[in-house]
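Please look at the chain shown here with attention to its charged side chains, its surface patches and its strand pairing. The report that follows takes these topics in turn.

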Amino acid sequence: MNEFLDYIASLNPNYDLEGIKKAYETAEKMHKGQFRKSGEPYIIHPVETAKILAGLGMDEQTIIAGLLHDVVEDTEYTEEQLKAEFGEEVALLVDGVTKLGNLVFETKEDAQAENLRKMFLAMSKDIRVLIIKLADRLHNMRTINYMSPEKIREKSKETLEIYAPLASRLGMFGIKFELEDIALKQLEPEFYKKLSQQIHQRKEQRDAYIKKIIEKLSEALDKLNIHYEVKGRSKHFYSIYRKMRDKHKQLDEIFDLTAVRVLVDTVKDCYAVLGVVHTMWRPIPGRFKDYIAMPKSNMYQSLHTTVFGKDGLPFEIQIRTYEMHQIAEYGIAAHWKYKEGIHDGQNEEEKLSWLRQTLEWNRDMDNPKNFMETLKMDLFSNQVYVFTPAGKVIELPAGSTPIDFAYKIHSDVGAKCIGAKINGKMVPIDHVLENGNIVEIITSPNSKGPSIDWLKIAKSSNARNKIRQWLKKENKSENVEKGKAMLDRYIRRKGYDPQQIIKTQRINRVAKELKCSSAEDLYSSIGYGGTLMSKVLDLLVKFYEEEKKSEQKKSEIKNFESKSSSVKKKVDNTGGVSVKGVDNLLIRFAKCCNPVPGDEIIGFITKGRGLSIHRADCSNLASLSEEEKQRFIEVEWDVEKEFRSFETDITLLAEDRKGLFANISKICEDMDVHITGVMGKSNSDNTANITITVQISNVNQIAQLIRRLKSVEGMIEVHRGNS
């Protein structure tokens, strides 16, 4: 246990080791006498699962749940005991993982499909459920050799079909790649062995080649005066296998088998490095991908370019920031690892839109088997591979039609398309392409070009963009006037006055927001489609309301300025705070958070009581409505003024003993800090809560006082009070 706790502490010294230790002891006690197929004590599995979670940087609750994820299912330990000893949060995580324990994905029985639904419901409440399950599966795959051959194939297939794609959806590529490689080794042992031998035979030659590239690139990057790291990157076996299988390639034809990765500090540096790379080596056309400007749905960001080396051998270079690399390795888990538990709710919401879609299916589908098939389609059918009549492989998004294929060949082929043949048979242009189809596009010089309906048929962004460009170019002037009239009528129908809502500056903002090159292009888009009108009106109204609120805020500030200028006082009524662009405001310091010099502060315009100064992290401010937040105003401490004393609260939790308050009082006395108020309460667990109100001058004095108070014998916790 000590070795495990030392490992956990080495990853993050801020972990609550007492709670983790308690979970370890519980798991060890409950699994006593249980053994794995290898003959090892069962406790090894939950411990290794917890270590994987800690390596991902997950929080204490997740690590504790990892240690306990099998106790309810495999021992006499009950959910009620778990809840009582480790809390509601850990119990929910363990319950979510327990529901996944009996998943069997290859049967057609409704019970298994229903179990899959339960998993997604658990994930919707807390995505950590799936992260624990992935860690559990990863350790099981690492030790899969001890299972029967039948079980090995079943678990490996299940891993490739479900768990690896789920890891990919979460952007957790480190886990995805390892799961895939282990599964491939078990399912295709001969291929794996042969591939391993081929790669090993050329390892020395490949390493020498990569070393030369790194040396040459490093020499050029030194001149940029940026912080960087360059290293070789080995391609995972399953990725090689997929390319050889799906694209009918030999090992020598895979460009990114030899690859270099560059890590830098900023996005600006990424593009600077790309410029250097493309001046040193000739890029291969069509092999550059900018996932920074257009990130993948699973949060992945990077620049990929394939270039020709000195000897004509192609190799890939990936360029990304250190933060992007963290996300590429850990995906959604990077929110815990990189930000230490501070999650970006908006980003997580965007990245898990596929999960929300799955839950929509869950509500709409009565038949659980249909739900399962739809889920598999979404998880695994990301691309479709079809052929030209000459045998060239064309990769398109799943669901693509002959229109997408035509535009992938050339924009002129797309514009003149009048039909298509699939495997020699005529099909309509909205026919959905399938893997292996041979597609032939039928064109006509007399074609009138794409219609607005094509936008509903095309699935690829490439085809849709080219259709839009053609429609704009061919019908622009006509559509601009048509679009203006359509928008005007639409706004009136929705109960607004177009003359009040549509202003030049406002419509230009809308065009920019919707990525139109100009207001004219925006009107043209409306004219030939009409589909943008709802979005345009929403943005126009939003900007109108923002401008109105801004004017109201300016008016309120002027009123306060007018009132404040009539106050004749010899003392400085700003209390050492200056308001940006405004003088002589009536100012008071909020009692809820007691800001002091050195704190980040913000002003809040109150009704009839002047300007209230709060700490920027005051919880009262966080609870305000969006309308109330419009009354925030920028303020700062005036360093040229001599500050008076400020009152603030210090909250302490300590062992309840004689002489405790005397020790606290002595520290304050030694620091010449005056105590103006005291509140105390003894607790049933022999601890005491104490809040002291003190007079201090600045935030540095508070920090020093807190440090001194933490040294008091039996002190458990000291922090500054807030609402």
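This is a predicted model: local features need pLDDT of at least 70, side-chain atom pairs count only at pLDDT 80 or more; totals for chains, interfaces and linings use all residues.

The side chains of Asp670 and Lys666 meet in a salt bridge, with a distance of 3.0 Å from N to O. Both residues belong to helix 30 (residues 660–670), and because they are four residues apart there, about one helical turn separates them.

Across the whole structure, a search finds 18 salt bridges. One of them joins Arg128 to Asp59, whose closest N and O atoms are 2.7 Å apart. Since Arg128 lies in helix 8 (residues 128–142) and Asp59 in the loop between helix 3 (44–55) and helix 4 (60–68), the pair ties together parts that are 69 residues apart in sequence. Arg128 is buried, with a relative accessible area of 6%, and Asp59 also counts as buried, at 16% relative accessibility. A network of salt bridges links Asp59, Glu89 and Arg128.

A further salt bridge is formed by the side chains of Arg720 and Asp599, at 2.5 Å from N to O. Arg720 is part of strand 21 (residues 715–720), whereas Asp599 sits in the loop between strand 13 and strand 14, so this pair ties together parts that are 121 residues apart in sequence. Arg720 is buried, with a relative accessible area of 14%, and Asp599 is buried as well, with a value of 11%.

## The mixed sheet

Four strands form an open sheet in the order 13-15-14-16, with mixed pairing. Its edges are strand 13 (587–589) and strand 16 (632–633), each of which pairs on one side only. Strand 14 (residues 601–605) and strand 15 (residues 611–615) run antiparallel and are joined by five bridges; Ile605 stands opposite Leu611 of strand 15.

## Charged patches and an enclosed helix

Asp16, Glu18, Glu25 and Glu28 form a negative surface patch. Within this group, Glu18 lies in helix 2 (residues 17–30) and is exposed, with a relative accessible area of 58%. A positive surface patch is made up of Lys289, Lys296, Lys392 and Lys408. Lys296 is found in the loop between strand 4 (289–290) and strand 5 (303–308), where it is partly exposed, with a relative accessible area of 34%.

Helix 20 (residues 402–409) is largely enclosed by the rest of the structure, because six of its eight residues are buried. The buried residues in helix 20 are Pro402, Ile403, Asp404, Phe405, Ala406 and Tyr407.

Notes
Residues are numbered from 1 along each chain as its sequence is written. Side-chain values use heavy atoms; hydrogens and water are left out. Patches are made of residues with over 30% relative accessible area and no salt bridge: like charges are joined within 9 Å, nonpolar side chains (Val, Leu, Ile, Met, Phe, Trp, Tyr) within 5 Å. Accessible areas come from the Shrake-Rupley method with a 1.4 Å probe; for residues, only the protein chains shown count as cover. A salt bridge is a side-chain nitrogen of Lys or Arg within 4 Å of a carboxyl oxygen of Asp or Glu. Lys and Arg count as positive and Asp and Glu as negative; His and the chain ends are not counted. The place of a charge is taken as NZ of Lys, CZ of Arg, CG of Asp or CD of Glu. Helices (H or I, at least four residues) and strands (E, at least two) are DSSP runs, numbered from the N terminus. Buried means under 20% relative accessible area, exposed over 50%, partly exposed in between (1.4 Å probe, protein chains only). Two strands pair if DSSP finds at least two bridges between them.
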